[in-house]
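Dear colleague,

I am passing on to you a structure that you have not worked with before.

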Amino acid sequence: MVKKLKQRITETYNLYPGNFWVLSGSTFIDRLGGTMLYPFFTLYVTKRFNVGMTEAGLLLAVFAMAGMAGGFIGGALCDRFGRKVILITGLVTSGLSSIAMGLCPTLELFFVLAVVSGLLGDIAGPARMVMVADLLPEEKRASGYGTMRVAGNLAWIVGPSIGGLLSLKSYFFIFLADAVTSIITAVIVYIKIPETKPETDEQDRQHENLLKTIKGYSKVFSDQFYMAYILISVLMLLVYQQLYSSFSVYLRDVHSISARHYGLLMSINALFVVIFQFRVSAWLEKKNPMKMMALGTACFLVGYTLFGFIHGYAFFVAAVLLITFGEMVIIPVGQTVVAKLSPEHMRGRYMGIYNLSWSIPSMLGPYLAGLIMDNYNPNLLWYISGFVSAAALAGFLLLSNKGQDRIVNK
């Protein structure tokens with residue numbers, strides 16, 4: 001048994017170059033800090049500043065709006081200046097911002113820090129994902145993005161539990177831990193990972209200034225198939241991100257389920273990904289990407305709708321596991337579609353636009369959820385989530401019948 005496990009680990013390691021594994025390991029360290037903080041961010045804001053979900057949702061919306069701008073700029077910057085320097089810059093500024101937020105005395109100042117942190121910290125997002133596309137051939141990208149998911153979810157196994165323990169002492173320790181892991185990750189990237197930007201871009205880069213690089217986004221926006229994909233992804237992710245924002249408050253206020261038990265749910269979610277993501281990614285390799293996006297969205301439709309009907313912790317575990325399978329399909333496939341649809345010299349900008357499909361839901365989702373939870377029956381949030389998931393499911397099925405030459409491997 002041990003011998004077979006060792007052989008499987010060796011075979012998996014040999015599938016990818018060493019720099020990819022360094023990137024994955026550094027991602028684990030960075031995500032460890034984030035998983036200590038993010039699940040408790042809404043709880044911290046509502047308790048620290050004595051506000052409701054509406055105000056907390058508005059803060060998250062401002063954070064996401066700044067992050068959306070940061071990712072948009074970061075995509076162009078990593079096409080212009082390279083992936084490495086942008087990734088390091090984002091990590092360092094993210095770490096410093098975490099310390100500042102942990103010491104912030106007022107909600108008004110917290111809003112200012114949210115803008116600064118979102119704008120500067122999120123410029124690194126496209127660079128990290130583009131690095132994966134740079135390092136891996138097309139046929140290995142889906143499994144490669146899946147492997148990055150495993151690295152991130154290894155952090156989710158232990159991060160929320162550690163964050164829950166630290167919160168018992170002081171929430172500041174969670175912000176400090178997030179800052180330390182970001183700085184450590186930046187050091188690793190600086191020392192161990194070379195620049196991955198294709199050398200064929202160098203001549204073009206010499207003749208292209210930053211303004212021209214940013215203007216190149218017009219070509220992305222004119223890609224109608226890609227923009228339709230982004231729009232449908234926005235709908236789907238409006239639902240998905242509720243698991244990490246409003247769900248913790250819903251469990252606490254409606255079902256009297258503590259932050260510690262919510263953290264345990266997130267750890268179960270992550271453990272499920274770690275155990276099964278490699279198998280799911282291998283199964284996905286030869287499937288129609290849009291049909292797989294539809295499959296994952298169908299899991300969201302059922303899982304999130306169930307939140308509005310079920311009672312008891314065990315039933316919430318079952319619903320979260322169904323959602324987890326959906327995300328194991330959606331996230332690696334979604335990133336692979338971006339790499340496949342984008343020209344090599346514009347990968348950063350295509351990934352920057354893809355970040356909008358995450359930033360817009362993060363901006364609108366918590367605020368809209370707060371309005372519903374503070375003013376109506378909280379269960380209504382999950383019924384609406386089911387309806388939005390159904391619309392996204394129909395959209396992905398529609399795209400699966402178009403653009404076959406662009407999304408299906410020959």
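The notes below take up the cavity, one of the helices and the cysteines.

Please keep in mind throughout that this is a predicted model. The structure holds 1 cavity of 30 Å³ or more, and the volume of the largest cavity comes to about 1700 Å³. Its lining is made up of 49 residues, and those that lie nearest its centre are Arg31, Tyr38, Asp122, Trp358 and Ser362. Helix α18, which runs over residues 347-375, supplies the largest share of that lining, with 7 residues.

Helix α9 covers residues 171-192, and at 1.5 Å a residue its 22 residues should span 32 Å, which agrees with the 32 Å that separate its end C-alpha atoms.

As for the cysteines, the structure holds 0 disulfides. Cysteine 78 has a relative accessible area of 0%, and because a residue under 20% counts as buried, cysteine 78 is buried. Cysteine 299, with a relative accessible area of 9%, is therefore buried by that cut-off as well.

With best wishes

Terms used: Residues are numbered from 1 along each chain as its sequence is written. This is a predicted model: local features need pLDDT of at least 70, side-chain atom pairs count only at pLDDT 80 or more; totals for chains, interfaces and linings use all residues. Side-chain values use heavy atoms; hydrogens and water are left out. A disulfide is a pair of cysteine sulfur atoms within 2.5 Å. Buried means under 20% relative accessible area, exposed over 50%, partly exposed in between (1.4 Å probe, protein chains only). Helices (H or I, at least four residues) and strands (E, at least two) are DSSP runs, numbered from the N terminus. The expected span of a helix is 1.5 Å times one less than its number of residues. On a 1 Å grid over the protein atoms alone, a cavity is a set of points where a 1.4 Å probe fits but cannot get out, and a pocket is an open set with protein on both sides within 12 Å along at least five of seven lines; lining residues have an atom within 4 Å of a point. Grid points are joined across faces, edges and corners, and a volume is the space filled by probe spheres set on the points.
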